[in-house]
Amino acid sequence: MTDKLFAVVGDDARQAAAGRALARAGFQVGGPGQIGWADYILLPLPLDVEAVGLAGLLRAAKPGALALAGKPSAEARRLAREAGITMVDYFAREELTVLNAIPTAEGCIGILLERRVRTLWDAPVLVTGYGPVGQALAVRLTALGAHVTVAARRASQRALARSQGAHWVIPLEELTAAAPGFDAVVNTIPALVLTRPVLAALRPGSLIVDLASRPGGTDFAAAAALGHTALPALSLPVRCAPESAGEYVANTVLEIIRERAEQEAAG
């Protein structure tokens, strides 16, 4: 057991699981009430400045404490600077984005299975975007027997999709032309790609699951007007696998601390 104290801020299931993982790693773990004594402050993902009362928390923090936050905004970083607290974005770490994509993909598949009236096996499914979430999803859908088409902007992403078993790959510019072949679409791109022309070209009554952060990549009003079901599906790791998601956060934070200690020891 180390004498280092973590103050875990936030009450969702992922934060609670992260706290338990940190305790198992040998740290003392407390809540916001212990922030004045804490060496490390674990903040939520994403970090909502107002919801956690960040300004007050940071003002109460021990000098020299390290705040670890998920996707902190510019305002959050400013508040940390004003309080003299170092803030690190743990979601900027590649290992966490890769691991976090796994429960996101599993949760998305659960939605597809629940909302569709046909099997995913032998079904054409369009996945837009091929970052970590698109990759995790496409390979799992392919393993279930779906015929996955990946639409991605970069040629390197399309090549990777082909190498990982995608049935077909297309540039984003070809979405409208390809859309008539699908009644199931999953978007992972946080920019408007499922526009009204694309949606109008889909099969009637299509199901669209949008995994991208707000505002998503779907024209939801157009989807509803056209008779499609378009679902924003945010925070799936917390909803579907909070224990795993919390462990991923804790392990990433521990690696950040280890690397900082090594850098300090090296001078």
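Cys108 is buried, with a relative accessible area of 0%, where buried means under 20%, exposed over 50% and partly exposed in between, taken with a 1.4 Å probe on protein chains only. Its sulfur is 9.5 Å from the closest cysteine sulfur, that of Cys240, which is too far for a bond, and the structure holds zero disulfides, a disulfide being a pair of cysteine sulfur atoms within 2.5 Å. Cys240 itself counts as partly exposed at 44% relative accessibility.

This is a predicted model, in which local features need pLDDT of at least 70 and side-chain atom pairs count only at pLDDT 80 or more, while totals for chains, interfaces and linings use all residues. Residues are numbered from 1 along each chain as its sequence is written, and side-chain values use heavy atoms, with hydrogens and water left out.

- Three bridges join strand 1 (residues 5-8) to strand 2 in the parallel sense, and Phe6 stands opposite Val29 in strand 2.

- Ala76, Leu79 and Ala80 are buried in helix 4 (residues 74-83).
- These residues cover an arc of only 100° around the axis, so they are on the same side of helix 4, the arc being that of the directions from the helix axis to the C-beta atoms.
- The exposed residues Ala74, Arg81 and Glu82 are carried on the face of helix 4 turned away from its buried side.
- The cover over the buried residues of helix 4 includes helix 2 (49-52), helix 3 (54-60) and strand 5 (86-89), with contact meaning heavy atoms within 4.5 Å.

**Strands 7, 8 and 9**

- Strand 7 (residues 147-152) and strand 8 (residues 168-171) run parallel and are joined by four bridges, with Pro171 in strand 8 as the bridge partner of Ala152.
- Asn187, in strand 9 (residues 184-187), counts as buried at 0% relative accessibility.
- Leaving aside neighbours within four places in sequence, Asn187 is in contact with residues including Thr128, Val193, Asp210 and Gly216.

**Backbone exceptions**

- Most residues other than glycine have a negative phi, and most peptide bonds are trans.
- The peptide bond from Leu45 to Pro46 is cis, with omega near -10°, and Pro46 lies in the loop between strand 3 and helix 2.
- Arg214 and Pro215 are also joined by a cis peptide bond, with omega about 5°, and Pro215 is in the loop between strand 10 (207-210) and helix 10 (220-225).
- Lys71, which is not a glycine, has a positive phi of about 55° and counts as partly exposed at 37% relative accessibility.
- Ser235 has a positive phi near 55° and is partly exposed, with a relative accessible area of 43%.

Terms used. Helix = DSSP H or I, 4+ residues; strand = E, 2+ residues; numbered from the N terminus. Pairing = 2+ DSSP bridges.
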